[in-house]
Amino acid sequence: MAVLAYLFFWPIAVKPVPWSAPMDSGYTGPHASNTRLAGLQQWPLGAGQEGPEHILAHNGQLYTATLNGDIIRLSEDGKPTVLANTGGRPLGLDVSPDGQTLYIADAINGLQALSLAEAANGKAPVKTLLDKIDMPMPDDPVRYADGVAVDSRGAVWVTDASRRFSAKADGGTMEASVLDILEHSCTGRVLVVDPVSGRGRVALSGLCFPNGLAFSKDGKHLFLAETGSYRILKIDLARLSVARSSEGMTNVPTLKNAFDQGAAKVLIDNLPGFPDNLTRGENGRIWVGLTKPRSKVIDIAAEKPWIRSLTLRLPRALWPVPKAYGHIVAFDEDGRIVDDLQDPKGGYPETTAATELHGKLYVQSLHAHGIGWMPYKGPAGQ
């Protein structure tokens, strides 16, 4: 009786919300099972390094960040050089239009910046640009900075994946993401920092663990990976701006309103896994990584919050975290899947996306100890 009382009534911080998960189509159609991602070659990152979660290509070199907070530059032959340390858990990376500033979405510290010129000289302090915002309420903390993308004007867009759970307070990035996705209260948002005033504001709210960001080639649209809903969104920035000005600066556009007003649409739905980062490749390709495959338990429990409440009272080892499965997908700006690479055995763990550079595909990961890579000449058959 004591065990049953614990499983059903012990208080937990998570308050699951019912939702309707789309029926999983599995590995069919453009996502038919294959082994094209198996057997990746690897560049070691150094002793104790783990988790090149995002890889940025800039001026012929690669930049990544690891679990211990290091920002690393890699030469063309894979030699790593530590440029700085954020003191947190850096995730997404992007560079300013002039190529001088590296922007970092740090899950613990918020949006940060690093001067690449200072880093080249061995003097590289990391500055925190945004760890809280004053809209819609004063001193509202950025709890889980995740993805970052800089537009042509120099405005910095960053996802704050959850207002309910944080990497700092809830045991790390993976733990906080699992809690948020299982709760499914959809408190995530997109923030934007004005390049002139430096002021941050909420651009869009009501998102289910928003993650990676990428702009369209013409800069008029923003692509967004909504991890908790297995989908990719496409945001019309002009319509989003009009919606904001008509509502007034004190109101924050929600995803529901953005759908109603035509500022947002679902570009790709019902993915066979949890989408993470977005990176622009060559020939119009945009890459997304599926960190884990779908879980039947999570999907079945979508409309049954009590199952998720019970699950979260179990030891962490019994949580319904899916098995390892390597999977990266390329799509075009109209949402067509143009390539799909998989490793069903998950030899390179928790694939978050891929970066194209000089005929190679560099694969990103939450927990790998090196950079996975393979020669890449484009989609098979082209």
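How many bridges pair strand β13 with strand β14, and in which sense? Select residues 156-160 for β13 and 188-193 for β14: the two pair in the antiparallel sense over 5 bridges. (Strands here are DSSP runs of E, at least two residues, and helices are runs of H or I, at least four residues, both numbered from the N terminus; two strands pair if DSSP finds at least two bridges between them.) Zoom in on W157 and you'll find V192 of β14 standing opposite.

A quick word on what you're looking at: this is a predicted model, where local features need pLDDT of at least 70 and side-chain atom pairs count only at pLDDT 80 or more, while totals for chains, interfaces and linings use all residues. Residues are numbered from 1 along each chain as its sequence is written, and side-chain values use heavy atoms, with hydrogens and water left out.

**Widen to the sheet**

You have an open sheet of 4 strands, ordered β12-β13-β14-β15, with antiparallel pairing. At the edges are β12 (145-150) and β15 (200-207); each has a single partner strand, so one side of each lacks a neighbour in the sheet. Neighbouring strands are turned by 20° against each other on average, direction ignored (axes are lines fitted to C-alpha atoms).

Stay on β12. 6 of its 6 residues are buried, so the rest of the structure largely encloses this strand. (Buried means under 20% relative accessible area, with a 1.4 Å probe and protein chains only.) β12 pairs with β13 in the antiparallel sense over 4 bridges, and V150 has V156 as its bridge partner in β13. Their hairpin has 5 residues between the strands, and there G154 takes a positive phi near 95°.

**Over to helix α3**

Select 173-183. That's α3, and it is mostly covered: 11 of its 11 residues are buried. Its buried residues pack against β6 (90-95), β20 (273-280), α6 (296-300) and α7 (305-311). Just after the helix, H184 takes a positive phi of about 60°.

Next, show the side chains of Y144, L179 and L312. In the largest nonpolar core, which has 22 residues, these three touch the most other members. (A nonpolar core is a set of buried Ala, Val, Leu, Ile, Met, Phe, Trp, Tyr and Cys residues joined through side-chain atoms within 4.5 Å.) Helix α3 provides the largest share of this core, 6 residues. Leaving aside neighbours within four places in sequence, L179 is in contact (heavy atoms within 4.5 Å) with V14, F165, D170, L312 and W319.

**Another sheet**

Which order do the strands take in the open sheet that contains β20? Here 4 strands run β20-β21-β22-β23, again with antiparallel pairing. The edge strands, β20 and β23 (337-343), each pair on one side only. Select β21 (286-293) and β22 (326-331) to see an antiparallel pair with 4 bridges; V288 stands opposite V329 in β22.

**Zoom out**

Finally, show the whole chain, with its 7 helices and 26 strands. The C-alpha trace spans about 65 × 50 × 40 Å along its principal axes. Of the 382 residues, 57% are buried. Among contacts between residues at least 6 apart in sequence, 57% join residues at least 24 apart.

Definitions and conventions. Buried means under 20% relative accessible area, exposed over 50%, partly exposed in between (1.4 Å probe, protein chains only). Axes are lines fitted to C-alpha atoms, for helices over the stretch in contact, and angles run from 0 to 180 degrees between N-to-C directions.
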